[in-house]
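Biologist: Could you walk me through a couple of spots in this one? I have not looked at it before.

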Amino acid sequence: MTAERSAALHGEVVERDVVIVGGGPAGLSAAARLASAGLAVTILDEQPELGGQYYRRPAPAVAEQWGDHRPDGGRLIARVRAAGAECRTGHLVWGVDDDGRTLLASDAAGHPVRLRARHLVLATGAFERVFPFPGWQLPGVTTPGFAQHLAAGDHTTIGERVVLAGSGPFLLPVACSLIELGVTVVGIAEAGRPYRPSLRALGALGHPARLRELAGYVARLARARVPIWQETVVLRADGRDRVSSVTLAAAARPARPVRTVEVDALCVGYGFRPQTDLARMLGCAVRVDVASGDAVPVTDAAGRASRADVYVVGEAAGIGGVHAAKARGLAAAHDILTREVRETVPVAEVRRVASARRRLARFTALTDSLYPGPAALLATLAPALPADTMVCRCEAVRAEEIRATAAGSADGDLNATKAWSRAGMGPCQGRECGFAVAGLVRSVAPRPGAGDGESRVEVFPSRLPVRPIPLATLLELAGPDSQEGDRS
């Protein structure tokens with residue numbers, strides 16, 4: 001038995017200056033800066049290697065043959081390790097102890113670990129926003145993020161004829177990654193119309209780096225003759241053993257088909273949602289983002305939450321992309337250094353990060369204005385969803401059951417609808433279906449105050465454990481007596 005495991009069994013807690021949850025761009029940026037200043041920093045990530053989704057490390061065989069698709073991520077990880085940060089990969093943070101301060105985690109073998117710090121930095125990232133449609137359970141139907149992970153990280157294709165659909169700029173790089181692997185991207189169905197000339201789009205001229213990036217994607221798609229069908233959504237997917245066709249509809253009339261195309265893979269996603277379970281479990285205040293309908297932690301410019309010892313950075317603080325995530329991680333690190341060691345962070349460094357953060361915030365606002373807001377999309381898509389569509393795949397709950405529950409026994413309450421219908425009660429805890437369930441509830445039982453932003457938080461509550469964990473982990477955490485009692 002290791003000393004650490006023995007300590008965990010006796011309720012001992014690993015103490016650090018800073019514990020960072022999440023090894024993506026924001027967490028890595030904060031860890032590198034804090035550890036280089038001499039603080040005792042531990043960074044936790046549930047994956048076997050640091051990097052998060054964006055800097056996800058390729059398998060050794062893939063890297064040897066194809067190289068590193070994002071070498072700057074590899075360099076950042078190397079800086080974190082060289083600075084002396086303790087890197088605990090394979091560690092899943094799944095809850096908070098009764099004291100409200102101690103993080104409950106499990107290591108790669110499932111053994112419990114308790115950690116506490118003077119400063120917690122939550123860089124828990126985001127998950128993809130999905131909306132169901134008939135046929136979304138078929139093999140070959142997935143999200144753009146998964147397709148990108150396979151293509152960029154593993155050089156594996158999701159199919160040979162692919163349609164990308166949903167909304168947001170992320171669809172473009174995914175299409176380009178697939179094209180590089182020889183995939184035929186049949187088309188991109190974008191729910192909004194961000195690529196039509198407009199006065200608002202001229203605002204992109206103020207962000208030349210991002211504009212060059214966008215132009216590069218558009219040029220590659222044009223060379224491959226990939227059409228972008230704007231104001232178009234998925235009506236349904238069909239196939240027997242695997243998706244073989246997708247029928248598209250006008251976004252304004254999502255029940256009326258406009259075209260059907262043959263495919264062997266379909267990737268649908270409507271952007272990303274901040275992963276805020278842990279922040280809410282720690283008691284951090286959240287607000288509702290009116291445009292997205294998501295719960296977003298309330299933070300100051302440095303990422304400090306309503307709890308003074310907790311920082312929320314990166315995509316967990318609001319969707320903004322990798323550059324914004326790194327700037328947010330550095331801003332939190334500067335604030336912690338000022339508080340913890342009274343170190344005078346060079347003024348030029350602080351100004352550079354603050355300037356980048358403000359500039360990227362303006363770009364995020366511009367992007368959000370060009371694409372349709374998820375809440376508005378939901379108001380259009382939810383009423384048109386066919387009654388027999390499976391919405392909660394974990395618990396096999398269909399749209400008609402959710403509507404009937406919301407209009408009846410749940411009296412329009414989202415969480416009561418969850419309890420009565422079991423939609424969102426499965427292993428994913430509503431990460432997949434929560435967006436759609438909220439839309440269905442609102443579509444049949446709009447409530448006074450809904451949609452006015454600050455007054456209502458219409459999301460599923462955070463629940464312990466944040467992710468499924470083995471029962472053996474809980475028994476081991478409870479101590480030897482409980483395990484002995486369990487065997488008796």
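This is a predicted model: local features need pLDDT of at least 70, side-chain atom pairs count only at pLDDT 80 or more; totals for chains, interfaces and linings use all residues.

Biologist: Which residues of helix α13 are buried?

Modeller: In α13, which spans residues 414-421, the buried ones are Leu414, Thr417, Lys418 and Ser421. They lie on the same side of α13, because they cover an arc of only 100° around its axis.

Biologist: Why would residues with that spacing point the same way?

Modeller: An α-helix has 3.6 residues a turn, so residues three or four places apart point the same way.

Biologist: And what do the buried residues of α13 pack against?

Modeller: They pack against β21 (397-398), α12 (399-407) and α14 (434-444), while the face turned away from the buried side carries the exposed residues Ala419 and Trp420.

Biologist: What about the two ends, starting with Asp413 at the start of α13?

Modeller: A side-chain oxygen of Asp413 comes to within 3.1 Å of the backbone nitrogen of Asn415 there. After α13 comes Arg422, which has a positive phi, near 75°.

Biologist: Changing topic, where is Gln47, and is it buried or partly exposed?

Modeller: Gln47 sits in the loop between β2 (41-45) and α3 (60-66). Its relative accessibility is 25%, so Gln47 counts as partly exposed.

Biologist: Which residues does Gln47 touch?

Modeller: Leaving aside residues up to four places away in sequence, Gln47 touches Arg56, Thr89 and Gly90.

Biologist: How far apart are Gln47 and Ser355 in space?

Modeller: From C-alpha to C-alpha they are 32 Å apart, and in sequence Gln47 and Ser355 are separated by 308 residues.

Notes: Residues are numbered from 1 along each chain as its sequence is written. Side-chain values use heavy atoms; hydrogens and water are left out. Buried means under 20% relative accessible area, exposed over 50%, partly exposed in between (1.4 Å probe, protein chains only). Helices (H or I, at least four residues) and strands (E, at least two) are DSSP runs, numbered from the N terminus. The arc is that of the directions from the helix axis to the C-beta atoms. Contact means heavy atoms within 4.5 Å. A polar contact is a pair of N or O atoms within 3.5 Å; within protein, one must be able to donate a hydrogen and the other to accept it, and residues adjacent in sequence count only if both atoms are side-chain atoms.
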